[in-house]
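Student: I would like to request a close look at a single part of this protein, with the surrounding elements described in sequence.

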Amino acid sequence: MLNKVDTTRILVVDDEEDIRFNVRDILEDFGYQVDTAADGSEAIELVRHNRYDVALLDYMMPGMDGADLYRQIRRIRPEIVAIMITAYAGGDGAEKARDAGTWRILPKPLDLQALLPLIDEVSRWPIVLVVDDDETFCDNVWQTLQEHDYRVNVAHTEADGVKKAGQAAYQTAIVDLRLNDGDGRQVIEIVKRVRPDAKLLIVTGARDQGGPLKDMAEGLCYKPVDMDQLLQMLDRCRSKESNE
């Protein structure tokens, strides 16, 4: 059995009881913490009250398929990475799963030897907290960073940003200075107080903003944000963290 220092939490969702319990038992033998759900509504309730790193989702389920379920999960906890399990890996369901943001699609019957390395890989990804009121920008960042081995949590308001900055685990925070309902400076203050080891990147649409905050940050990005530049900054933060 493997001992996980920081236990990876996995949610297994499948309407077939034997499958979800067998998968749970195997994953627990490898040291993972696993919860199970029989359908989408049960899964959403678990996601509302628990932190998960990976969601292992059956595609074909009554009521809500795996792709629609992951869309709901992303609204609640966007940092959860989805692996979809389907007997129709080459069909329309796979395309729908990819459109929902699914990271990987595996065929049924599930090959645990293919699954385990994927879970181990995701567990090593750093988490980036993005606080910005522009939902399109946040979605672009989410899509781009997941393609480059980052997990992304998102907040669109000052209140949600303050909450997630104070509670969530993350290695880097990307914070817009100007939010529709407030100011990103309060979020930055929480980041620096609660997670002083976290790297900070500041986003702003005004060239004259930043001021003294520049000295607190690893980098400053001006809108419209160049995604390649943002990735370079994040990779520098990642490298610096691994060397500290």
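In strand 8, which residue is the bridge partner of Val131?

Tutor: The bridge partner of Val131 in strand 8 is Val175; please bear in mind that the model is predicted. This pair belongs to the joining of strand 6 (residues 127-131) to strand 8 (residues 172-176), where the two strands run parallel and are connected by 4 bridges.

Both strands are part of an open sheet of 5 strands with parallel pairing, arranged in the order 7-6-8-11-12. At the edges of this sheet are strand 7 and strand 12 (219-222), each of which pairs on one side only. From one strand to the next, the twist averages 20°.

Helix 7 lies across strand 6 and strand 7 of this sheet, and its direction makes an angle of about 140° with strand 7. Helix 7 also packs with helix 8 (residues 184-194), at an angle of about 5° and with the two axes 9 Å apart. Helix 7 is therefore roughly parallel to helix 8, since angles under 35 degrees count as such. On the helix 7 side, the residues that meet helix 8 are Glu158, Gly161, Val162, Ala165 and Gly166. Their counterparts in helix 8 are Gln186, Val187, Ile190, Val191 and Val194. By class, the residues of this contact comprise 6 nonpolar, 3 polar and 1 charged.

The pocket has a volume of about 390 Å³ and a lining of 16 residues. Those nearest its centre are Arg74, Arg75, Pro78, Asp139 and His156. The lining as a whole divides into 8 charged, 7 nonpolar and 1 polar.

There is also an open sheet of 5 strands in the order 2-1-3-4-5, again with parallel pairing. Its edge strands are strand 2 (33-37) and strand 5 (104-107), each pairing on one side only. Here the twist averages 20° from one strand to the next. Within this sheet, strand 1 (residues 9-13) and strand 3 (residues 54-58) pair in the parallel sense over 4 bridges, and Ile10 has Val54 of strand 3 as its bridge partner. Helix 2 (residues 40-49) lies across strand 1 and strand 2, running at about 140° to strand 2.

Note on methods
Residues numbered from 1 in each chain as written. Predicted model: local features only at pLDDT ≥ 70, side-chain atom pairs only at ≥ 80, totals over all residues. Heavy atoms only, no water. 1 Å grid on protein atoms, 1.4 Å probe; cavity = no way out; pocket = protein on both sides within 12 Å on 5 of 7 lines; lining within 4 Å. Points joined across faces, edges and corners; volume = space filled by probe spheres on them. Nonpolar A, V, L, I, M, F, W, Y, C, P; charged D, E, K, R; others polar. Pairing = 2+ DSSP bridges. Axes fitted to C-alpha atoms, helices over the stretch in contact; angles between N-to-C directions. Contact = heavy atoms within 4.5 Å. Parallel < 35°, antiparallel > 145°, perpendicular 65-115°, else oblique.
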